[in-house]
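Subject: Handing over the structure

Dear colleague,

Please have it open while you read the notes below.

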Amino acid sequence: MTTLKLGRRALMGAAMAAMSFGAPAFADGHQVVDSIHFLIPGGAGGGWDGTARGTGEALTKAGLVGTASYENMSGGGGGKAIGYLIENAESNHGTLMVNSTPIVIRSLTGVFPHNFRDLTLVAGTIGDYAAIVVGKDSPINNMADLLAAYDADPGNTAIGGGSVPGGMDHLVAAMVMEAAGKDALGVKYIPYDAGGKAMAALLSGEIAALSTGFSEAVDLANAGEVKIIGVTSAERVDAAPDAMTMTEQGIDTTFVNWRGFFGAPGLPAEQVAAYQDAIAKMYDTPEWEDVRSRNGWVNIHNPGDDFKAFLEDQEKAIGDLMKKLGFL
C-alpha cells in the first residue's frame, strides 16, 4: 500500500476534547482565551483561509474565545507570513498562524529559509483529503477511465493542480498514479497559480483531470462543475458519499493534508497551554461539528510534542517521495 504517512496520530477522532493542558477551566460557556488574531499565509477563499475562519467561528460561537480577527498575508508560498511572525515575535503573542503540509514541502525545497522548528507548535487541528476531479462533461467517470486514457495517450492525458511542480497537488497525483502501476515520473503535470485558471484548463480540455483538495472538490461538485472520480480517504466521506475512494478502485493509497496552528517563537508556555486547551475543547462542541461537516474535514488533533513528532514523520515521508521524483 502506498501511503504518505502523516504521523502517529493521523486519523484521531474528535474524542480529544476531554484533554486538559493546565489552561483556565472551561465550564458553563466560560471562555478560555480572550482573543485570537489569526494570521493566514495566503489569500481569501483558500484552504488556509477557510481553516482559520472556520476555527475562529467555532471557537467564538462556542464561547471558548471572546473575539477572533483575521489577517491575510500572501507571498513567498507562505514564507512572508512565517518570516513576519518570526521577526516580530514579541508583538505577536496574541497571534496564531494557520499552515499545512506545504510548510514541510517548501522548507525541504528551500522556497523559504524557515521550517516548523522555528515556530511554536500549538496543535494540528484538521485534515483535508485530496481528490482527483474531471469536468462535468468529461467522458471519464472513474479512475479506471482515467488510467485507460493515460495508457492510450500519456502525453495528452495531463493532470493539473494548483501547486508548483513538486508541490502537494503534484505529489498526490504522482502518488496515485504510481500506486495504480504507472511510472510517476512519466505523468504529465501542469501547474496553475489559481483555482479559476485550473478550472478553465479542465473545462477546455487542456488537462484531463485536476488534483485538488477534497473540500474544494466538494464545492465544485456541488456547483455542478466537476465529477469527483477518486478521493484519497480510507473510507467514503460524508460530505460526498457518492465519491469513491482510491482504494475502492484498486489503487492502494491514502493521503490527508493536515492543517494546524503555530505561534511566534518564544510564546509563553501558559499562553500556549491556553490555546491548546481552547482547541481541544472545541472538538466537543456542536459549533465545531457544523464547521467540520460542511467542509468535509477529518479531525486530526496533535498538540505540542505530538504535533512535532507528526511533522517530523511527514517531513521524512515527503522527503523520500520528492527524492524519488527528483525534486530533492
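Predicted model: local features only at pLDDT ≥ 70, side-chain atom pairs only at ≥ 80, totals over all residues.

I would begin with strand E5, which covers residues 120-135 and is mostly covered, with 16 of its 16 residues buried. E5 pairs with several other strands. With E11 it runs antiparallel over eight bridges, and there the bridge partner of Leu121 is Phe262. With strand E12 (residues 298-303) the pairing is again antiparallel, over four bridges, and Ile126 has Asn299 as its partner in E12. Four bridges join E5 to strand E8 (residues 209-213), also in the antiparallel sense, with Ala131 standing opposite Thr212.

What do the polar contacts of its side chain reach, in Ser215 and Arg259? The side chain of Asp128 is joined to that of Ser215 by a polar contact of 2.9 Å, and to that of Arg259 by one of 3.2 Å. Leaving aside neighbours within four places in sequence, the residues in contact with Asp128 include Gly213, Glu216, Val256 and Trp297.

Turning to the aromatic rings, the count comes to nine aromatic pairs. In one of these, the ring centres of Trp258 and Phe310 are 6.3 Å apart and the planes stand at 85°, which is over 60 degrees, so the pair is edge-to-face. This pair links distant parts of the chain, since Trp258 belongs to strand E11 (residues 256-263) and Phe310 to helix H10, 52 residues apart. Trp258 is buried, at a relative accessible area of 1%, and Phe310 is likewise buried at 1%. Another edge-to-face pair is formed by Tyr283 and Trp288, with 5.9 Å from centre to centre and 75° between the planes, and both of these residues are buried. Trp258 and Phe310 also belong, together with Phe262 and Phe307, to one aromatic cluster.

Just after H10, Gly326 takes a positive phi of about 85°.

With best wishes

How values were computed. Residues numbered from 1 in each chain as written. Heavy atoms only, no water. Helix = DSSP H or I, 4+ residues; strand = E, 2+ residues; numbered from the N terminus. Phe/Tyr/Trp six-rings, centres within 6.5 Å; stacked < 30°, edge-to-face > 60°. Buried < 20%, exposed > 50% of the residue type's maximum accessible area, 1.4 Å probe, protein only. Polar contact = N/O pair within 3.5 Å; in protein donor to acceptor, adjacent residues only side chain to side chain. Contact = heavy atoms within 4.5 Å. Pairing = 2+ DSSP bridges.
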